[in-house]
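Let us walk through this structure step by step. Have the sequence and the model side by side.

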Amino acid sequence: MATKLILCNCEGSQQVDADRIGAATELECSKTHTALCTRELGVVADFMKGDDQLLIACGQEQEVFRDLAEDLEVEPPAFVDLRDRAGWSDQSGDAAPKMAALAAEALVPMPISPSVDVISEGTCCIVGPAEVAFDLAERLSTTLAATVVTGDETPPIGRSFDVVRGQVRSVSGALGGFNLRIERLQQIAPGGRGAFGWTEPRDGAQSACDILIDVAGDTPLVQAPAKREGYLRADPRDPLAVSKLAFDAAQLVGTFEKPLYVRLEETLCAHSRAEQVACTNCLDICPTGAITPAGEHVAIDPMICAGCGACAALCPSTAITYEDPPVSAVLSRMHVLARTYRRAGGSAPRLLVHDAHGAEMIRLAARFGRGLPADVIPMELSVISGFGHAEMLAALAHGFARVDILLAPTTERDALDRELELAQAIAPVAGLGLIDEADPDAMSDLLYAQVVPTALTDPVLPLGNRRQIARLAAQALNPKAEEPLALPQGAPYGAVAVDTDACTLCLSCVSLCPSGALIDNPDKPQLNFQQDACLQCGLCRNICPEDAIALVPQLDLSDAALSQQVLNEEEPFECVECGAPFGVKSTVERVMEKLSGIHPMFASSEQARMIQMCDNCRVGAQFNMQDNPFQSKPRPKVVTTDDYFSKRKDH
């Protein structure tokens with residue numbers, strides 16, 4: 001971890017208060033230099049030769065300092081961009097608290113994301129018309145093992161690459177592991193004089209490749225083609241785009257590191273039970289098709305997953321968690337930003353969440369426009385589509401007065417829109433929003449014109465999984481809430497309403513509830529409910545044979561939500577033989593009313609009386625009946641010697 005912060009005012013273009021930054025971050029700060037990357041590069045070299053771990057306040061010239069460290073054979077320093085995100089601004093004179101916060105955030109250690117090696121040996125499949133695919137395959141044949149799949153009848157002239165004729169019906173997998181299903185497959189018959197011929201067509205052919213190139217010009221062969229690694233696509237009518245495919249494909253040979261973006265805990269998944277489908281949030285939102293049903297839970301193909309994080313944001317049970325980085329690391333960054341900002345003298349910071357596209361907009365706004373307001377603290381994430389309601393509420397609970405998410409043209413918005421609506425329902429008076437601006441100047445003007453709400457007076461530190469974080473943050477943001485907060489349909493929090501007149505206490509809902517929110521009482525007919533555990537997955541509503549269950553999306557912040565409450569209960573029926581309680585009194589009486597004296601099995605009063613017996617007594621009564629259903633044929637008489645003699649005529 002860095003112990004010394006090297007400051008520079010970039011040719012006097014920004015104001016840097018080293019004393020306030022050092023006091024708030026507890027870092028040793030150098031004097032404020034003017035041209036570290038040019039005239040004062042020797043000063044940096046002297047710092048690098050020392051024992052301190054350096055944090056250089058420069059984002060633009062990182063390569064210069066890395067090259068210097070390599071020449072000196074020392075560890076490269078860490079970097080933080082204070083100029084573009086804080087110093088170059090119309091409010092640069094008030095930016096010291098933000099600079100301190102950004103410097104402190106740069107010191108937060110980030111966990112190493114799990115990953116797996118993907119090996120691509122250069123097996124390439126090109127799908128498209130012969131006139132385009134053959135030329136492309138010819139160029140790639142010297143570097144890749146190319147095979148063309150075409151629907152045209154024209155065979156190639158040479159054999160520098162392989163060609164098959166057929167129709168690609170389905171594609172699965174990603175870089176290093178594509179699998180193709182081909183119908184009406186015909187291979188080249190290489191023997192004979194004249195043009196090559198084709199073999200007889202066959203259906204159900206399977207093929208595999210490392211790289212898949214699509215120049216068919218039709219519907220893409222995979223979902224979200226821009227997000228599928230190893231899948232390259234171009235319009236066959238654009239020769240420049242097709243030529244670029246040859247260059248791109250040649251770069252996809254070797255061993256690559258694939259991040260494992262999400263982790264799935266199958267036992268927590270509420271997808272289905274007993275072949276009854278419940279939650280499908282992740283299946284509906286995944287843009288790449290990486291998530292598929294797998295019985296009572298879902299399965300995630302890590303090779304197809306592009307890491308948007310939307311599934312983790314919408315998962316009601318936290319069965320899916322994002323790992324690049326985990327939510328705990330994001331919360332740590334927000335906590336350090338808000339705390340350091342206040343320690344440096346700031347009072348009500350705003351948080352601006354963005355990705356790499358947003359970072360470039362911030363840099364352009366700083367260099368050519370007004371920059372960011374002094375109270376707007378930017379926080380960059382690799383993807384922002386997984387920044388859900390839990391993170392939004394946690395940021396407000398940390399003490400941010402407002403949270404905005406700066407969208408990029410490629411941002412997956414569906415999950416963000418749903419999570420924003422949910423967060424606004426939980427914190428209705430807080431400032432939450434999405435900024436959809438492509439113009440850096442328009443983005444700056446919007447931020448300067450915003451009305452800033454009052455920040456939380458006593459910030460809290462939410463911890464745990466997403467559900468726990470959201471609940472703790474909601475309690476801090478709604479300290480006087482006496483009634484449950486009404487939430488939009490599809491929210492992962494809520495209650496279950498039971499029509500007691502229709503409910504027969506069959507308890508099928510209890511046996512299938514994936515979170516244990518619905519609970520029975522082993523001592524008497526009773527249906528209990530713990531609201532904090534309810535996922536609103538709808539499985540209980542779907543399975544109820546009496547249609548007696550309805551979902552009520554809400555968030556109860558009281559302690560009552562953490563304990564069990566009785567939804568329905570009845571008196572047990574007492575066995576007419578032994579007096580042991582069993583079943584539900586109203587149900588037994590209803591059965592008696594419908595069957596006694598009417599159904600052939602219960603025509604007599606003695607038979608009907610068995611309906612009022614417990615299991616043990618009913619079996620005993622049936623066993624002792626004259627027409628005992630358990631009775632077998634009479635045992636055969638034991639044959640003795642006298643029996644044999646009695647049958648002999650000479651005896």
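Start with helix H2. The face turned away from its buried side carries the exposed residues Asp46 and Lys49. Exposed means over 50% relative accessible area, buried under 20%, and partly exposed in between, using a 1.4 Å probe and protein chains only. Helices (H or I, at least four residues) and strands (E, at least two) are DSSP runs, numbered from the N terminus.

A word on the source: this is a predicted model, where local features need pLDDT of at least 70 and side-chain atom pairs count only at pLDDT 80 or more, while totals for chains, interfaces and linings use all residues. Residues are numbered from 1 along each chain as its sequence is written, and side-chain values use heavy atoms, with hydrogens and water left out.

Helix H2 spans residues 41-49, and its buried residues are Val44, Ala45, Phe47 and Met48. Seen down the axis of H2, these fall within an arc of 160°, so they line one face of the helix. The arc is that of the directions from the helix axis to the C-beta atoms. What do the buried residues of H2 pack against? They meet strand E1 (4-8), strand E2 (28-33), strand E3 (54-56) and H3. Contact here means heavy atoms within 4.5 Å.

Next come the aromatic rings. The structure holds 2 aromatic pairs. Rings of Phe, Tyr and Trp (its six-membered ring) pair if their centres lie within 6.5 Å; planes under 30 degrees apart count as stacked, over 60 as edge-to-face and the rest as tilted. Phenylalanine 65 and phenylalanine 79 form a tilted pair, 6.2 Å centre to centre with 35° between the planes. This pair links distant parts of the chain: phenylalanine 65 is in helix H3 (residues 62-72) and phenylalanine 79 in strand E4 (residues 78-79), 14 residues apart. Phenylalanine 65 and phenylalanine 79 are buried.

Phenylalanine 134 and phenylalanine 161 also form a tilted pair, at 5.7 Å centre to centre and 50° between the planes. Phenylalanine 134 sits in helix H6 (residues 130-140), and phenylalanine 161 in the loop between strand E7 (145-150) and strand E8 (162-172), 27 residues apart. Phenylalanine 134 counts as buried because its relative accessibility is 14%. Phenylalanine 161 counts as buried because its value is 6%.

Charges meet rings too. Arginine 83 lies over the face of tryptophan 88, at 3.9 Å from the ring centre. Arginine 370 lies over the face of tyrosine 448, at 3.9 Å from the ring centre. A charge sits over a ring if NZ of Lys or CZ of Arg is within 6 Å of the ring centre and within 35 degrees of the ring normal.
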